[in-house]
Every structure is written in C-alpha cells, then in structure tokens.
Amino acid sequence: ELQRLLNTGPYSSGNPVIARVGLYMEPIVDAVQSGLCVTRVVYNIFTWRDPMLSFWVTVLLLVVSLVLLLFPWRFFMFLTGLAIVGPQ
C-alpha cells in the first residue's frame, strides 16, 4: 500500500526524479507513520476513547505515585551521594 502511494518498487514512476525522491521518502514516511501511531494511542488514552487502556494507565499511575510517596528518599540520596562523592 505504501509503495503504491509513494510510487516506489513495482509502482515506480517513469520520471527518474520522482522515482529517486520516492526511494528517499519511503523510510521517512515509515518513521512518521510509527510516530503517528504512538500519538494516536496517547491521544486515545488521555481522552478516554479507549476506556480499558485508560483505566489501567490510571491505576498504574496511582500505584507509582503511592510507591514514590513511601519511598525512603533520604536513605536513597545518602547512598547516592556516598557512591558519587565518596566518604568525606
């Protein structure tokens, strides 16, 4: 389908300039399509168009927020400082 839209491969044009541009544009269009798919998924989650996925994302964020609230930050920062700077 993509080759037909870009006129590449068996659908290439008789015009050599268009055929050459199609060869370079095909990977770019593939990358843009991947990004568009991710954007659509994120949009559907935040607008609740996919209720099951939105529910599980909400539950996951709630659990992560509770874990981060109860995480021993003082001890973690002490160990991180000890590892980076060393004993003084």
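Arg-49 is exposed, at a relative accessible area of 57%. Arg-49 sits in the loop between H2 and H3. Setting aside neighbours within four places in sequence, Arg-49 is in contact with Tyr-43 and Asn-44. Contact means heavy atoms within 4.5 Å.

This is a predicted model, in which local features need pLDDT of at least 70, side-chain atom pairs count only at pLDDT 80 or more, and totals for chains, interfaces and linings use all residues. Residues are numbered from 1 along each chain as its sequence is written, and side-chain values use heavy atoms, with hydrogens and water left out.

**The chain and its confidence**

The chain has four helices and zero strands. From the N terminus on, the elements run α-α-α-α. Helices (H or I, at least four residues) and strands (E, at least two) are DSSP runs, numbered from the N terminus. Buried residues make up 10% of the 88 residues in the chain.

The mean pLDDT of the chain is 87, and 89% of its residues reach 70 or more. pLDDT is the predictor's confidence in each residue, from 0 to 100. Among the elements, helix H1 (residues 2-6) has the lowest mean pLDDT, 70. Helix H3 (residues 51-70) has the highest, 96. Where pLDDT is low, the predicted coordinates should not be read in detail.

**Where H2 meets H3**

At what angle do the axes of H2 and H3 cross? They cross at roughly 80 degrees and come within 8 Å; helix H2 covers residues 16-46. Axes are lines fitted to C-alpha atoms, for helices over the stretch in contact, and angles run from 0 to 180 degrees between N-to-C directions. H2 and H3 are therefore roughly perpendicular to each other. The cut-offs are under 35 degrees for roughly parallel, over 145 for roughly antiparallel, 65 to 115 for roughly perpendicular, and oblique for the rest.

H2 brings Val-41, Asn-44 and Ile-45 to the contact, and H3 brings Leu-53, Ser-54 and Val-57. These residues divide into four nonpolar, two polar and no charged. Ala, Val, Leu, Ile, Met, Phe, Trp, Tyr, Cys and Pro count as nonpolar, Asp, Glu, Lys and Arg as charged, and the others, Gly among them, as polar.

Leaving aside neighbours within four places in sequence, Ser-54 is in contact with Asn-44, Ile-45 and Trp-48.

Trp-48 lies in the loop between H2 and H3. It is partly exposed, at 48% relative accessibility. Trp-48 has a positive phi of about 60 degrees, although it is not a glycine. Most residues other than glycine have a negative phi.

**Aromatic pairs**

Rings of Phe, Tyr and Trp (its six-membered ring) pair if their centres lie within 6.5 Å; planes under 30 degrees apart are stacked, over 60 edge-to-face, and the rest tilted. By this rule there are four aromatic pairs.

Phe-55 is partly exposed at 40%, while Trp-56 is exposed at 51%. Phe-71 is partly exposed at 34%. Trp-73 is partly exposed at 39%. Phe-71, Trp-73 and Phe-76 form one aromatic cluster.

Technical notes. Buried < 20%, exposed > 50% of the residue type's maximum accessible area, 1.4 Å probe, protein only.
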